[in-house]
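The sequence and structure are shown first.

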Amino acid sequence: MTLTAARPRAAARSGRPSGGAGDRGTLEARAPRRRLSPEKIAAGLTLVALVVASVVSLVSIDISIPQMIESWGNAQNFFERVGVISFPEPGDLLYLTALTVGLVLCGTLFAAFFSVPIAFLAAANTTPGRGWMVAGRFAGVFFRAVPDVVLAMVFVLMFSLGSLPGILAIGIHSIGMISKMFADAIEQIDEGPRLAIRAAGGTTLQEFTSGILPQVLPSWVATVLHRNDINLRGSVILGYVGVVGLGLEMSYAFKSLDYSLGLGIALIIFALCVVMEIVSSVVRTAMLGFAPTRRSLGDRLLRRLGMRGRRVDPADTSAASAALARKMSRADARTAALRRPWDAARRRNTVWGWAAGLVIIGSVLISDIQWGDFVTFWGYLPETAAKFWPPSFGSYDAPTMIAAMGETIAIALAATILTIIASIVIGSLAARNVAPSPRVRSGMRLVLVSIRGIPEIILAIVLIVVTGLGTQAGTIALAIGGIGLLGKLLADSLEEVKPGPEQALTAAGASRLQVYAGATAPQGMKALIGHSFYMLDTNIRAATILGLVGGGGVGYFLLNAGQGSRYDLVTTIVVMILVTVLVVEALAMWMRRVFR
Amino acid sequence: MRELSSETNTATDAAASVIEVANVTKTFGDTVALNGASLSVRRGEIVVLLGLSGSGKSTLLRHLDGLEEPDSGTVTVLGEPVSTLAGKRLRALRGRVGFIFQQFELVPSLTVLENVLTGALARVSGPRLGLWGYNRALRLAALGHLDRVGLLAQAYQRADTLSGGQQQRVGIARALMQNPEILLADEPVASLDPESSDQVMALIREIAMDQGLTVVCSLHQVDLALSWGDRIVGLRHGEVVLDTPAAGLSKAAVMEIYGRVATTTAELDAIATELESARATDLIGATAESAR
Ligand SMILES: Nc1ncnc2c1ncn2[C@@H]1O[C@H](COP(=O)(O)OP(=O)(O)O)[C@@H](O)[C@H]1O
Ligand SMILES: [Mg+2]
């Protein structure tokens, strides 16, 4: 721990001239390593290659603006056919909404539950051994690589129709991201309190529950809420493979060409996503905004509502101080202090606790989980597994499938590069320390929230209608959808950079843009690379899924294979997706290590 | 167990050594943190480990609690061979030794009372979540320790809402919660302002005297060490270079452990300044640490 303070001194000592090496040798020995390692060069070249590939993909996908304007006619046609937007019956609507939210929540909580032990194994500072750590990290990558739609397709086969396939699909897929974020949070804790518990004779488990858990809890809750938002948006597509809820109703409506109802449900889902986003941001702020932290928009809002944790002054309503004031005996005062006063913090914790508990119970009830399926499931298992194995190309040949996979990768690459460019602009302006004014920041944050609220699939449907079927639609849908996420992640990362260098440059008389270019952006670069790979990873899976509604690529074949009951082909496609995502993940890990 | 021994064996224990460090060497890579250090502490002694930053004070203290394993040499604490202990027995021993940290090391998001209660973890089994994970007797005991350090009224505040001095007092209460026989303190006031420093040091001494605790406390301020400890043990480059009762020891004599003999007042001042800057470096290191 004293390492940081002591290292430079030690280095300086060992770097002292040992003989007649001369000034140059000494300087060289003492200079920090500035030379680029071959690995760094290779990583840089890989990055350049990826960018070039993305641009080539973008060009080959041929997104032409004139053509899009031309196809505006399509949109007009479409909306003429839609006529007045209609909604389901209020009762149905309410039930479907509750069911969708409940199912998604159950899935997310399922993932959160199983992510805890995985994260414990995967975090460098808690893992029992390197092998466990690699296994834990790989489990995360693996779960993340299988798209939830594919899982849902499989589970729909295994279970009676109901919410269970959806819950399990969401749950298993989400373990990937949640366990990774949980593990990252564990790695970022302050080791001190944990050491204190070890010094007091605590066990490893006690170190975890008393020293680590309280530190990571806010971040864990934020992760779960964030994932829940993503899952809610993703639940729309699950409807296309038969998972109950609003998504299924929407897919029925579109399949029966009832565009008016389809768009109505789409609108509801959009609203639901925005509401959910706001709710989770309120919960997040209420939890994180406890300690003196950011002056974010939500924070300010909450402070005005009086929900923010306040610094309890010594003359608080605590029973102890009151008792002392009344000159109680010491022993009495201590006994009186056993009763925790109902101060603001306790009231808030209690209210939030009960609310969370009720929401969870409500979710389980409304999902109407067929617990019996867990029993009968084992009976179907061999039969179902046999359908998926061995993999085959079915009636297609390998080159066709590989070309289709290539198209999916091209969509993902092109969408990612578009997203990165737009996100750098919007995300930067949405960062408190970059935005020229709070109003610009709020405006940009609003843009990001709105984009995040639009499930890609709805965006894709609209775009497909506008631009006609094809890869362009998929690419643009993904690119726009990605801005919501990447822009937000980038903005958050920029807000978290150390303010010192910025202040130093400002103090040296640098302009706003110079401060951004000289202090803020370099510090955010690492995060940008990391987030961009995450985006690419997400986009490859999303590009697959878009194929399900006609967005092109391997997804189209996946849908056909599923509907045509060619499960061996499904396996082939899933393996191809898996391999691709794993390669991207490996690249991302490499980049993160090299550009640390 | 502790009460029993301190009541019945006070007279005989006075001579018994509770800490026995023999020829301990510890290296971290190229850095030699401890170089054949030996130390013997009798029950009830109040010992100050004095030395500049990097002289090995923390490393020595961490060995006493089994938080570090020696490369060579042995460490015996309360009759237990710490250096070879593991698992349950190591935890049991740690439970009998309280540790006070320079950076307090409280869990910021927990209440003060919960932090104090974590001192009881060695005595209870399994994980404990929240206040109600501990029984009434433990909670009452924790409140008693908080009262002892003057923070009863702050029991239900979050730890990070307290001032540095208050946080360190919570750290003391947490150590007391262990019902320790030995109290180890690693520069307990290096991160505090002078006024809180005095309060905290006085409190540690008072409690140690009251309960007959053995204390080993590292410090780098010579004046404070001389006025506070009963016995001064000086460390330099991981070696014990001074071991003498504090009474009658002059500041100039102590300065020798920094490799100089002060002859003029000007030189004394220069060394004092150096000590100050050593302290500042420590603080910077501490800030860097907490930023991580
Ligand atoms: N965990 C560690 N890793 C590497 N070096 C360490 C570690 N702990 C201590 N050291 C080194 O050992 C030496 C003694 O450190 P320490 O015991 O912390 O000294 P003090 O507490 O007297 O300042 C220092 O040079 C320090 O850099
Ligand atoms: Mg130290």
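This is a predicted model: local features need pLDDT of at least 70, side-chain atom pairs count only at pLDDT 80 or more; totals for chains, interfaces and linings use all residues.

A salt bridge joins the side chains of A:Glu585 and A:Arg144, with an N to O distance of 2.8 Å. One salt bridge is counted between domain 1 and domain 2 of chain A. The domain assignment places domain 1 at 89-309 + 365-385 and domain 2 at 397-594. Each of these domains contributes 32 residues to their contact. Three residue pairs, both members at pLDDT 80 or more, are in polar contact between the two domains. On the side of domain 1 that touches domain 2, at least two residues each come from helix 7 (130-145), helix 8 (148-158), helix 9 (164-187), helix 11, helix 12 (246-255) and helix 13 (259-288) of chain A. Helix 13 of chain A gives the most to that side, with six residues. By class, this side of domain 1 has 22 nonpolar, three polar and seven charged residues.

The contact between chains A and B involves 44 residues of chain A and 50 residues of chain B. The count of salt bridges here is one, formed by the side chains of A:Arg334 and B:Asp147 at 2.9 Å, N to O. Eight residue pairs, both at pLDDT 80 or more, are in polar contact across this interface. Helix 11 of chain A gives the most to the side of chain A that touches chain B, with eight residues. That side divides into 20 nonpolar, 14 polar and 10 charged residues.

| Parts | Buried area | Share from carbon and sulfur atoms |
|---|---|---|
| Domain 1 and domain 2 of chain A | about 3000 Å² | 73% |
| Chain A and chain B | about 3900 Å² | 61% |

Terms used. Residues are numbered from 1 along each chain as its sequence is written. Chains are lettered from A and ligands numbered from 1 in the order in which they are written. Side-chain values use heavy atoms; hydrogens and water are left out. Contact means heavy atoms within 4.5 Å. Buried area is the accessible area (1.4 Å probe) that two parts lose on being put together, summed over both. A salt bridge is a side-chain nitrogen of Lys or Arg within 4 Å of a carboxyl oxygen of Asp or Glu. A polar contact is a pair of N or O atoms within 3.5 Å; within protein, one must be able to donate a hydrogen and the other to accept it, and residues adjacent in sequence count only if both atoms are side-chain atoms. Helices (H or I, at least four residues) and strands (E, at least two) are DSSP runs, numbered from the N terminus. Ala, Val, Leu, Ile, Met, Phe, Trp, Tyr, Cys and Pro count as nonpolar, Asp, Glu, Lys and Arg as charged, and the others, Gly among them, as polar. Domain bounds come from an automatic or database domain assignment.
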